[in-house]
Amino acid sequence: MAKASSKIETQLIHAGEVKPRILGAVCMPIFQSANFEYKGEDKQEALIYMRHNNTPNHDLLHKKLATLENGESALVTASGMAAISAALLAVLSSGDHLLAQNCLYGGTHSFITQDLPQFGISHDFVDGEDVDSWKKKLKPNTKAFYVEGISNPLMEVIHLEAVVKFCKENNLISIIDNTIPTPINFRPLDLGFDLSLHSATKYLNGHSDIVAGACIGKNTLIEKITHMLNHLGGSLDAHTAFLLDRGMKTLALRVRHQNESAMNIARFLEKHPAVSRVNYPGLESHPSHQRAKALFSGFSGMISFELKGGAQAAERFVSALEIPAYAPSLGGVETLITLPAKTSHAGLSQEKRQQLGISEGLIRFSVGIEATVDLIADLEQALKKTSSTLLHSTIQ
Ligand SMILES: *Cc1c(COP(=O)(O)O)cnc(C)c1O
């Protein structure tokens, strides 16, 4: 197994591996068995059973994920939302209050606003940038603070060190969704977060072919979440666990390429006359740049931007592109493009979107691992087409 001192590239390949290798197999075989023989286990949860997330394929991932983010333990789940919902339900009880960053992944936002109240759990959203305002929202029953490492779709990095400090001072559990930064760019437990969550559907797996999730943190917290997940039933299938492990082996190569490619694409877009605004934390012009530079070792493969022609131009531009798929989700090897107002954030009213700074024409771009020059050439031809049709329609 990889030593604790190994670099992340080595951990991605070797952490959690079983020695001696099973029948000499270089790759971990898939244990496609729902149940396993009774070996004298004295607790129900100790029985090896696929819903208990404790087959050899799960164990390997738990050890690997914990190693990658320096956590005591980890838990894989059937999706990112299974990780988020099980974690929140494990940490919060009826009568508790949650503080959360105001711009969250849509599913998380809906779970907090629509489902948690049914369990007697209340919440308040806070402006992640306005540190002084947090205290005003704090209640005697506030139990946890939930944030995201890089927010979607504006790619903001809030004052994460202040979140940790605030939670320690007020005895709150600090929870972060680290899906977009990934452990390659950021390890939140090192900064003092209690719990790191992932949609492993995105960068961790990286091939847009499974859904999965993960929770990483202290033993006591992961035990509580495991207990909840065992009852909710959002466990990962062994074959999917195998695919996730296979995907994760190339995480460092993919994410470092995506960091670099996105940086070059963001610089190209920022200079282009048809583009009015680019949101990428790697750009000096981004409001979170200094903070992201201090906390992260890369700025991710996610960019969002606006065109001078607004929503109309955005739609023309998206259909003029040849390489990216117009599809939701992110973090795969293929470049994806979406209009958040039409997809990920369509559930919010236009006013709410405006309040959060998500314009109707905002374009979100998840950079894959294609050649950067090809992506830039495609963007260039689509921008050219878009501005010439716009010019044409103005003349008419
Ligand atoms: C996609 C996503 C989720 C939800 O994950 P699923 O795997 O789709 O359940 C949660 N958080 C972030 C930041 C995401 O991008």
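Reply:

**The ligand site**

Happy to start with a polar contact (a pair of N or O atoms within 3.5 Å): a polar side-chain atom of S199 sits 2.8 Å from an oxygen atom of the ligand. The side chain of T201 places an N or O atom 2.6 Å from a ligand oxygen, and a polar backbone atom of M81 is 2.8 Å from an oxygen atom of the ligand. Taken alone, the ligand exposes 380 Å², and the protein buries 91% of that (accessible areas by the Shrake-Rupley method with a 1.4 Å probe; for residues, only the protein chains shown count as cover).

A word on the source: this is a predicted model, where local features need pLDDT of at least 70 and side-chain atom pairs count only at pLDDT 80 or more, while totals for chains, interfaces and linings use all residues. Residues are numbered from 1 along each chain as its sequence is written, and side-chain values use heavy atoms, with hydrogens and water left out.

The residues around the ligand (one heavy atom within 4 Å of it) include Y105, D177, K202 and L330. Helix α3, residues 80–91, gives the most to this shell, with three residues (helices are DSSP runs of H or I, at least four residues; strands are runs of E, at least two; both are numbered from the N terminus).

Stepping back, the protein chain has 15 helices and 12 strands. Of its 396 residues, 55% count as buried, meaning under 20% relative accessible area (1.4 Å probe, protein chains only). The C-alpha atoms fill a box of roughly 80 × 55 × 35 Å along the principal axes.

Terms used: A polar contact is a pair of N or O atoms within 3.5 Å; within protein, one must be able to donate a hydrogen and the other to accept it, and residues adjacent in sequence count only if both atoms are side-chain atoms. Buried means under 20% relative accessible area, exposed over 50%, partly exposed in between (1.4 Å probe, protein chains only).
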